[in-house]
Amino acid sequence: MLKYLVSLLCFSAAAQAFNVADTSAQARQSFWPNGAKAAVSLSYDDALNSQLDNAVPELAKHGFRATFYLTLSSPAFVKRQAEWQQLAAAGHELGNHTIHHACQTSKPGRDWVAKDKDLEQWPIVKISAEIQAANAQLQQLDGKTLRTFTPPCSETQAKDGDYLPTVAALFTGSKLQGSPVTSLNQLVGNTLPTWFPVAPTLAELITYTEQAAQHGTIASITFHGVGGEHLAVDNTVHQQFLAYLAQNRDKFWVDSYANISQHLQKELLQQRLLSKSSALNPKH
Ligand SMILES: [Zn+2]
């Protein structure tokens with residue numbers, strides 16, 4: 001908990017400092033690697049067959065790294081573990097999406113959530129232990145100690161409260177469903193708002209990423225099925241969108257959220273140090 005509080009305080013201070021520097025056009029231009037206007041985090045939730053079959057070859061075609069938020073009890077994870085492991089070797093991130101994908105059952109349309117996976121009946125200690133166990137299992141696959149997290153159903157209310165503060169320090173970042181990021185100052189606390197597009201058009205995907213470029217921020221997109229399975233994006237639309245990102249490499253830095261979140265923390269800290277330095281030496 002102490003570690004979490006320290007990182008939260010550091011992040012808050014860094015983001016506040018960035019607020020000062022944010023007015024500088026020069027700072028905005030150099031914030032992302034190679035002068036990119038925005039970072040793009042493509043992520044794929046739930047460990048689905050259609051992701052391995054349809055998304056992975058397209059990502060490889062363009063040399064893009066993405067984050068796969070794996071549900072470790074998913075049949076496609078259990079049966080095709082070696083293929084997920086190969087993704088890590090290829091530079092993709094294996095993100096944590098828990099083992100059993102516990103969600104709230106009281107919301108409408110939640111018939112698919114089994115009673116023993118009702119997050120509202122799970123105490124924080126239970127879901128936290130599962131998330132730690134998932135991290136250990138993922139580390140066995142990829143050897144990594146740093147990764148990011150997306151809560152199942154984007155819900156963090158357990159039986160006895162919000163579990164995210166308890167597990168946040170285990171990750172370099174967490175994604176929660178939310179509005180587009182229009183300022184880097186919104187990223188206080190190390191959580192990133194993400195979009196869950198269901199059957200999006202190519203134009204909608206392009207508009208979302210172009211808006212991030214206009215603001216100099218991050219476009220985070222959370223896909224599920226690709227060309228099939230649940231909450232799917234059309235396969236052709238997904239292909240065309242990746243081709244669009246590839247045609248605009250100078251504008252978009254496409255990488256895993258693990259890499260983007262680490263870059264973000266480093267840059268925000270640097271902005272804080274620069275801000276401190278100019279406050280101490282106002283003539284320089
Ligand atoms: Zn999920």
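Helix axes are lines fitted to C-alpha atoms, over the stretch in contact, and the angle between two of them runs from 0 to 180 degrees between N-to-C directions. I note this first for a helix pair further down.

**Entry 1: ground rules.** I am reading a predicted model, in which local features need pLDDT of at least 70, side-chain atom pairs count only at pLDDT 80 or more, and totals for chains, interfaces and linings use all residues. Residues are numbered from 1 along each chain as its sequence is written.

**Entry 2: overview.** I looked up the secondary structure and found ten helices and nine strands. Helices (H or I, at least four residues) and strands (E, at least two) are DSSP runs, numbered from the N terminus. I call a residue buried if 20 or more other C-beta atoms lie within 10 Å of its own, exposed if 12 or fewer, and partly exposed in between, with C-beta atoms placed from the backbone. Of the 284 residues, 42% count as buried. I count two residues as in contact if their C-beta atoms, placed from the backbone, lie within 7 Å. Among contacts between residues at least 6 apart in sequence, 76% join residues at least 24 apart.

**Entry 3: the core.** A nonpolar core is a set of buried Ala, Val, Leu, Ile, Met, Phe, Trp, Tyr and Cys residues joined through C-beta atoms within 7 Å. The largest one has 67 residues, and Ala38, Ala39, Val40, Phe68, Leu70 and Ile218 touch the most other members. I followed Ile218: leaving out residues up to four places away in sequence, Ile218 touches Ala38, Ala39, Ser41, Val181, Leu192, Ala212 and Ile260.

**Entry 4: helix α6.** The expected span of a helix is 1.5 Å times one less than its number of residues. For the 19 residues of α6 (residues 124-142) that gives 27 Å, and the end C-alpha atoms are 27 Å apart, which agrees. I then listed the buried residues of α6, which are Ile127, Ile131, Ala134 and Leu138. They cover an arc of only 60 degrees around the axis, so they are on the same side of α6; the arc is that of the directions from the helix axis to the C-beta atoms. On the other side, Ala136 and Gln140 are exposed. The buried residues pack against β2 (67-70), β3 (93-96), β4 (157-158) and α7 (164-167). After α6 comes Gly143, with a positive phi near 75 degrees.

**Entry 5: α8 and α9.** The axes of α8 (residues 202-215) and α9 (residues 235-247) come within 9 Å and cross at roughly 35 degrees. The crossing is right-handed, a term for a near helix turned clockwise from the far one by less than a right angle, left-handed being anticlockwise. Leu202, Leu205 and Ile206 in α8 meet Val237, Gln240, Phe241 and Tyr244 in α9. In α9, the residues Val237, His238, Gln239, Phe241, Leu242 and Leu245 are buried. The buried residues of α9 pack against β1 (38-45), α3 (49-62), α8 and β9 (252-254).

Entry 6: Which loop holds Cys153? Cys153 lies between α6 and β4, and its phi is near 60 degrees, a positive value in a residue other than glycine. Cys153 counts as partly exposed because it has 17 C-beta neighbours inside 10 Å. Ala199, in the loop between β7 (191-194) and α8, also is not glycine and has a positive phi, near 50 degrees. Ala199 is exposed, with 10 other C-beta atoms within 10 Å.
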